[in-house]
Amino acid sequence: MRLHTSLPCLALLFGLIHTTGAADTPAAKAPQAKRAPNPTMAPIQDVAGLPRVLLIGDSISIGYTVPTRKLLEGKANVHRIPTNGGPTKNGVANIQKWLGTGKWDVIHFNWGIHDLKYMPDGKRQVEPADYEANLRSLVATLKATGAKLIWATTTPIPEGELNPQRKFGQVPEYNAIAAKVMAENGVAIDDLNAHITPHLATMQNPRDVHYTAAGSEHLAQKVAEEIGKALAK
């Protein structure tokens, strides 16, 4: 028996086949927009004739880098290391690369929060004795550049449960170790800890070691002030 199919039926059949095929074909993914580069990490172009300043530190320093640059605009070329400085052992491994070959007039630096963080094995990432040894090595390297050095004290860590959940040692213990090393080496102190402590309730993010934009601006004011003093000497 011969099957007779009208032209309209064939058109409908081919239309269904075409529609089904289109549904089974994955749609082309729209190109994802590229993430804008972090202005904090972007290399800066030196203005000729201005002194060169290098900021070294962790995410706290990342927060105050851009506002410090603005405060010192026209007075200094403010660079920073192109990453989170992490613990002192990371500094020891990378300091020569971070310093590069250019001349630095002032280096403002800190390590601490990552060092006193407890790791899964129950030990701090860098225990106090190693923290002191690493700092001594780093200060010796920084002094060899001939730059004026400014040590920034490690800022406070809130008590209680943090977000994300992390456990830290005591900031005063590590700040005391650093103070001894800096005093023995004649390094100036920028006491960011004392500067921000009265404002923690309004300038530190809840249950976090980091700061609001206003907090980073407040820290930047002190950083810029201390760098300005060093440049004036």
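## Exercises on pockets, a cavity and a helix pair

About 170 Å³ of space lies in the second largest pocket. This is a predicted model, where local features need pLDDT of at least 70, side-chain atom pairs count only at pLDDT 80 or more, and totals for chains, interfaces and linings use all residues. Residues are numbered from 1 along each chain as its sequence is written, and side-chain values use heavy atoms, with hydrogens and water left out.

**Exercise 1.** Find which elements give two or more residues to the lining of the second largest pocket.

*Solution.* Start with the terms. On a 1 Å grid over the protein atoms alone, a pocket is an open set of points with protein on both sides within 12 Å along at least five of seven lines, while a cavity is a set where a 1.4 Å probe fits but cannot get out; lining residues have an atom within 4 Å of a point. Grid points are joined across faces, edges and corners, and a volume is the space filled by probe spheres set on the points.

Next, list the lining: Ile44, Gln45, Val47, Leu50, Arg69, Lys70, Leu72, Glu73, Gly74, Ala76, Asn77 and Val78. The elements that contribute two or more of these are α2 (59-71) and β2 (77-80). Here helices (H or I, at least four residues) and strands (E, at least two) are DSSP runs, numbered from the N terminus.

Last, sort by class: six residues are nonpolar, three polar and three charged. Ala, Val, Leu, Ile, Met, Phe, Trp, Tyr, Cys and Pro count as nonpolar, Asp, Glu, Lys and Arg as charged, and the others, Gly among them, as polar.

**Exercise 2.** Now try the largest pocket: work out which residues lie nearest its centre.

*Solution.* The volume of the largest pocket is about 240 Å³. Of its 13 lining residues, Ile157, Pro158, Glu159, Gly169 and Gln170 lie nearest the centre. The lining has seven nonpolar, three polar and three charged residues.

**Exercise 3.** Say which element gives the largest share of the lining of the largest cavity.

*Solution.* First, count: there is one cavity of 30 Å³ or more. The largest cavity has a volume of about 70 Å³. Its lining includes Asp58, Ile60, Ser61, Tyr64, Asn110 and Leu192. Helix α2 supplies the largest share, three residues. By class, five lining residues are nonpolar, five polar and one charged.

**Exercise 4.** Describe how α4 and α5 cross.

*Solution.* Begin with the axes, which are lines fitted to C-alpha atoms, for helices over the stretch in contact; angles run from 0 to 180 degrees between N-to-C directions. The axes of α4 (residues 128-143) and α5 (residues 171-185) come within 10 Å and cross at roughly 35 degrees.

Then look at contact (heavy atoms within 4.5 Å). Among the α4 residues that meet α5 are Tyr131, Leu135 and Val139, and the α5 side includes Tyr174, Ile177 and Val181. This contact has nine nonpolar, one polar and six charged residues.

**Exercise 5.** Is Ser216 buried or exposed?

*Solution.* Buried means under 20% relative accessible area, exposed over 50%, and partly exposed in between (1.4 Å probe, protein chains only). Ser216 counts as buried because its relative accessible area is 10%. Leaving aside neighbours within four places in sequence, Ser216 is in contact with Gly63, Tyr64, Pro67 and Tyr211.
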